Every structure is written in C-alpha cells, then in structure tokens.
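Here is a friendly walk through a protein model, for anyone new to reading structures. Keep the view open and look for each residue as we come to it.

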Amino acid sequence: MWSQGTARLLETFKRVTTIFSFGYWGWGTKTHQLVSMVDESESAAGYKPPLWVDIRLERTGRAPGFVGDAFKEVTGPDRYAWMQELGNEGIHDDPPGLRLKNPDATGELLKLAMQSSSQERRILFYCACEQTGGRAAECHRALVATFLLQEAMRAGQVIEVVEWPGGNPKHLPC
C-alpha cells in the first residue's frame, strides 16, 4: 500500500501535460511524411493526431511546405493554428535577436494545450529553426517555452515543454 504522499505524487505525474516544441528545418519539402510520422508516433503513445501551432511571426521562407497556408493544407484546418503573437520580432533587429511580439499570448497557447489534452491530443508549437538543444539563445521557441512554463505555474497547471521528437523527451533549457 502506498503512502498518501506517494499517491499524490503519482496523481501529479498523471496530470502532467506534455507540450512539444519543434523546429522544421530540413522538412520543407517533406511535410506529408512529417505529419504521417508524427501522427504514427502519437498514436503509438496513445494519443490522437496532434495540433500543430505555428509560432512564426511571418509564414514566409525557403521551405515550400511551410509558406503561407501550405502546412495547414497538409494537416487540415482543425489541426493547425497560427499564433503570430508568439513570433520573434527580434528577427527584424540589427543584429537579429530574440523578442516575442506578445509574451502574454502564451496564455492562449496554454489554453490550447489544456483543451487538446482533455481530448487526448498533444500540441507541437514550431518555427523554422533546428532543434534548440543546448543553443536556447538562438531560437525563440525556448523563450516561448519559458513564458509558457511561467504561465502554467500562475494558472496552477502541471506541464512540461520538451523538444520533439518524442521518445525520451529532452527538456528545453529554460
């Protein structure tokens, strides 16, 4: 028989909502394969296909599968959201830096994550950069993750933000 403290700790772990961060660098011409792979992985983990949240300031660039509505057309409109408010306005600075357009918009991202979690679906918020592992100062996803974790603490939600791919998650350095 477990103690009440252990039981409470186990209950907390059950309530942890995992939110993934993802950099699509290199996937610009392979979006159908990307979505299929992620869907299969989430299904194997017991989840429905994820909600993809685009946190870029602008939906332009060299990756054709992520320009404008191209990725939304692959995922379907019910699995795609663009949160321009979480975009990096620092891309226009000289020299470029990290500055979110509206850090308070992480509250909306948290709401989406909690709604998705209640439907057995996780979210992946993404931008164009490669994985941030160890280079958090180079990508605004780590900044979004930091604000998101702070917002969750204020809201009394238990979350973790980890860099995709799943498996044994690698926590973002925040």
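Arg 99 is partly exposed, with a relative accessible area of 36%. Here, buried means under 20% relative accessible area, exposed means over 50%, and partly exposed lies in between (1.4 Å probe, protein chains only). Asp 93 is also partly exposed, at 29%. These two residues form a salt bridge, with their closest N and O atoms 2.7 Å apart. A salt bridge is a side-chain nitrogen of Lys or Arg within 4 Å of a carboxyl oxygen of Asp or Glu. Glu 89 joins in too: Glu 89, Asp 93 and Arg 99 are linked in a network of salt bridges.

A word on where this comes from: the model is predicted, so local features need pLDDT of at least 70 and side-chain atom pairs count only at pLDDT 80 or more, while totals for chains, interfaces and linings use all residues. Residues are numbered from 1 along each chain as its sequence is written, and side-chain values use heavy atoms, leaving out hydrogens and water.

## More salt bridges

How many salt bridges does the structure hold? There are 10. In one of them, the side chains of Glu 163 and Arg 141 meet at 2.8 Å, N to O. Glu 163 lies in strand β5 (residues 159-163) and Arg 141 in helix α5 (residues 140-155), so this pair ties together parts that are 22 residues apart in sequence. Helices (H or I, at least four residues) and strands (E, at least two) are DSSP runs, numbered from the N terminus. Both Glu 163 and Arg 141 are buried.

Asp 69 and Arg 59 also meet in a salt bridge through their side chains, at 2.9 Å, N to O. Both residues lie in the loop between β2 (48-54) and α3 (70-75), so the pair ties together parts that are 10 residues apart in sequence.

## A buried aspartate

Asp 54 is found in strand β2 and counts as buried, at 0% relative accessibility. Which residues does Asp 54 touch, leaving aside its neighbours within four places in sequence? Its contacts (heavy atoms within 4.5 Å) include Arg 59, Trp 82 and Tyr 126.

## Cysteines without disulfides

A disulfide is a covalent bond between the sulfur atoms of two cysteines. With the cut-off for a pair of cysteine sulfur atoms set at within 2.5 Å, a search of the whole structure finds zero disulfides. For Cys 127, the nearest cysteine sulfur is that of Cys 139, 3.5 Å away. For Cys 129, the nearest cysteine sulfur is again that of Cys 139, at 3.7 Å. Cys 127 is buried, with a relative accessible area of 2%, while Cys 129 is partly exposed at 29%.

## The whole chain

Now zoom out. The protein chain has five helices and six strands, which run α-β-α-β-α-β-α-β-α-β-β from the N terminus on. Of its 174 residues, 41% count as buried. Among contacts in the chain with a separation of 6 or more, residues 24 or more positions apart account for 70%.
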